[in-house]
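Open your viewer and get ready to select residues one at a time. Each stop below tells you what to pick and what is there.

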Amino acid sequence: MGNPNLLPYETIVRATSGEPEAVDEVLRHYSKRIRIAAIENGHIDRDTEDSIKSRLVAALFKFRFDEQEV
């Protein structure tokens, strides 16, 4: 049930609440994409990778869900 390529909604909600395990799960889920985005001149730039991860975590804590029922 559900798309295995997507994070479960509950995980995202827990991550936005600051639950460390959920934040780690989000980072693991996107780790391959982050690593690919951090490639420069055929090598992974660790500073770029760390910057992307930091911005993802910061975005998680800024995200707010609409309180309306869907």
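**Stop 1: Thr11**

Select Thr11. Is Thr11 buried or exposed? Its relative accessible area is 4%, and the cut-off for buried is under 20%, so Thr11 counts as buried. Keep in mind that this is a predicted model.

Thr11 sits in helix H1. Now show what surrounds it. Leaving aside neighbours within four places in sequence, Thr11 is in contact with Ala22, Glu25 and Val26.

**Stop 2: Ala15**

Stay in helix H1, which covers residues 9–16, and pick Ala15. How much relative accessible area does Ala15 have? The value is 0%, so Ala15 is buried.

Which residues does Ala15 touch, if those up to four places away in sequence are not counted? They are Ala22, Val23, Val26, Leu60 and Phe61.

Draw a line from the C-alpha of Ala15 to the C-alpha of Asn5. These two residues are 10 apart in sequence and 17 Å apart in space.

**Stop 3: Glu10**

Select Glu10, also found in helix H1. With 52% relative accessibility, Glu10 counts as exposed, because the cut-off for exposed is over 50%. Glu10 and Ala22 are 12 residues apart along the chain, and their C-alpha atoms are separated by 9.0 Å.

**Stop 4**

Two packed helices are described by the angle between their axes and the distance between the axes.

Show H1 and H2 together. Their axes come within 7 Å and cross at roughly 120 degrees. That angle makes H1 oblique to H2. The crossing is left-handed.

Which residues meet here? From H1, select Thr11, Arg14 and Ala15. From H2, select Ala22, Val23, Glu25 and Val26. Colour them by class: this contact has four nonpolar, one polar and two charged residues.

Zoom in on Ala22. Not counting residues up to four places away in sequence, Ala22 touches Thr11, Arg14 and Ala15.

**Stop 5: Asp24**

Select Asp24 in helix H2. Is it buried, exposed or partly exposed? At 41% relative accessibility, Asp24 counts as partly exposed. Then pick Val57. Asp24 and Val57 are 33 residues apart in sequence, but 9.5 Å apart in space, C-alpha to C-alpha.

**Stop 6: where H2 meets H3**

Show helix H2, residues 20–37, and helix H3, residues 46–62. Their axes come within 10 Å and cross at roughly 140 degrees. That makes H2 oblique to H3. Here H2 passes H3 in a right-handed crossing.

- On the H2 side, select Val23, Val26, Leu27, Tyr30, Ile34, Arg35 and Ala37.
- On the H3 side, select Arg46, Thr48, Glu49, Ile52, Lys53, Leu56, Val57, Leu60 and Phe61.

How do these residues divide by class? The contact of H2 with H3 has 11 nonpolar, one polar and four charged residues.

**Stop 7: the core**

Clear the view. Select Leu7, Ala15, Ala22, Val23, Val26, Leu27, Val57 and Leu60. These eight residues make up the largest nonpolar core. H2 and H3 each supply at least two of its residues. Which helix gives the largest share? The answer is H2, with four residues. Ala15 from Stop 2 is one of the core's members.

**Stop 8: Asn41**

Move to the loop between strand S1 (39–40) and strand S2 (43–44), and select Asn41. At 77% relative accessible area, Asn41 is exposed. Check its backbone as well. Asn41 is not a glycine, yet it has a positive phi of about 55 degrees.

**Stop 9: Asn3**

End in the segment before H1, and pick Asn3. At 42% relative accessibility, Asn3 counts as partly exposed. Draw one more line, from Asn3 to Arg55. The two residues are 52 apart in sequence and 25 Å apart in space, C-alpha to C-alpha.

Technical notes. Residues are numbered from 1 along each chain as its sequence is written. This is a predicted model: local features need pLDDT of at least 70, side-chain atom pairs count only at pLDDT 80 or more; totals for chains, interfaces and linings use all residues. Side-chain values use heavy atoms; hydrogens and water are left out. Axes are lines fitted to C-alpha atoms, for helices over the stretch in contact, and angles run from 0 to 180 degrees between N-to-C directions. Angles under 35 degrees count as roughly parallel, over 145 as roughly antiparallel, 65 to 115 as roughly perpendicular and the rest as oblique. A crossing is left-handed if the near helix is turned anticlockwise from the far one by less than a right angle, and right-handed if clockwise. Contact means heavy atoms within 4.5 Å. Ala, Val, Leu, Ile, Met, Phe, Trp, Tyr, Cys and Pro count as nonpolar, Asp, Glu, Lys and Arg as charged, and the others, Gly among them, as polar. A nonpolar core is a set of buried Ala, Val, Leu, Ile, Met, Phe, Trp, Tyr and Cys residues joined through side-chain atoms within 4.5 Å. Buried means under 20% relative accessible area, exposed over 50%, partly exposed in between (1.4 Å probe, protein chains only).
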